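Open the model in your viewer and keep the selection tool handy. This tour moves from stop to stop, with something to select at each one.

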Amino acid sequence: MKKIYLLLILSGIILAGCSKRAYYEDDLDPDYWMRTHQKGTVAYVDYFSGNYIIDTYNGYAVVEAWGSVVPREYDREYANFSNRGVQTIYNREGGYFTEGRIVDTWLTWSEAMYLLDDISN
């Protein structure tokens, strides 16, 4: 009987030491992120699909939202908007990080609206 109690105590200690921790979110510093990434302003949001257009210094970029939170218009966001692909995006007004896929960059407004309509369908 003592062996069973000893085994339960040891297994409890081992299982208590095992916990899931998101190391990725803890390491992100918003101030450092804003200094090292490009700034963009949300120009248009398709609230049905969650995709949106960002106004950057180099034109417009179309973002396909992969996270659960969709930004509002005129929110400031920080990411590498000149590079395509899945990236972490920081929303300054909301104070949160989310994932998004930069579909295309350096677009005019009409090209961005056409592409947004194309990926939303």
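**Stop 1: a strand pair**

Select Ile 53 and Val 62. Val 62, in S3, is the bridge partner of Ile 53. Strands here are DSSP runs (E, at least two residues), numbered from the N terminus. This is a predicted model: local features need pLDDT of at least 70, side-chain atom pairs count only at pLDDT 80 or more, and totals for chains, interfaces and linings use all residues. Residues are numbered from 1 along each chain as its sequence is written, and side-chain values use heavy atoms, with hydrogens and water left out.

Now show S2 and S3 whole. They pair in the antiparallel sense over 5 bridges. Two strands count as paired if DSSP finds at least two bridges between them. A hairpin through 2 residues joins S2 to S3.

Asp 104, in S6, stands opposite Val 62. S3 and S6 also pair in the antiparallel sense, over 5 bridges.

**Stop 2: the nonpolar cores**

Select Val 42, Val 45, Tyr 52, Ile 54, Ala 61, Val 63, Ala 79, Phe 81, Ile 89 and Ile 102. These 10 residues form the largest nonpolar core. Strand S1 (38–45), strand S2 (52–56) and S3 each supply at least two residues of this core. A nonpolar core is a set of buried Ala, Val, Leu, Ile, Met, Phe, Trp, Tyr and Cys residues joined through side-chain atoms within 4.5 Å. Buried means under 20% relative accessible area, exposed means over 50%, and partly exposed lies in between (1.4 Å probe, protein chains only).

Where do Ile 53 and Val 62 belong? They sit in a second, separate core of 7 residues, which also includes Leu 107 and Leu 115.

Go back to Val 63. Leaving out residues up to four places away in sequence, Val 63 touches residues including Asn 51, Ile 89 and Ile 102. Touching, or contact, means heavy atoms within 4.5 Å.

**Stop 3: Asn 51**

Select Asn 51, in the loop between S1 and S2. Is Asn 51 buried or exposed? Asn 51 is buried, with a relative accessible area of 3%. The Asn 51 side chain makes a polar contact with the side chain of Ser 49 (3.3 Å). Another polar contact runs to the side chain of Ser 120 (3.5 Å). A polar contact is a pair of N or O atoms within 3.5 Å; within protein, one must be able to donate a hydrogen and the other to accept it, and residues adjacent in sequence count only if both atoms are side-chain atoms.

**Stop 4: the salt bridges**

Side chains of opposite charge can pair when their charged atoms come close. A salt bridge is a side-chain nitrogen of Lys or Arg within 4 Å of a carboxyl oxygen of Asp or Glu. How many salt bridges does this rule give? The count is 3.

- Select Arg 101 and Glu 64. Their side chains meet in a salt bridge (2.7 Å, N to O). Arg 101 is in strand S6 (residues 96–107) and Glu 64 in strand S3 (residues 59–65), 37 residues apart.
- Select Glu 93 and Arg 76. Their closest N and O atoms are 3.0 Å apart. Glu 93 lies in the loop between strand S5 (85–91) and S6, and Arg 76 in strand S4 (residues 76–79), so the pair ties together parts 17 residues apart in sequence.
- Select Arg 84 and Asp 104. Here the closest N and O atoms are 3.2 Å apart. Arg 84 is in the loop between S4 and S5, and Asp 104 is in strand S6, 20 residues apart. Arg 84 counts as exposed, at 59% relative accessibility.

Note on methods: Helix = DSSP H or I, 4+ residues; strand = E, 2+ residues; numbered from the N terminus.
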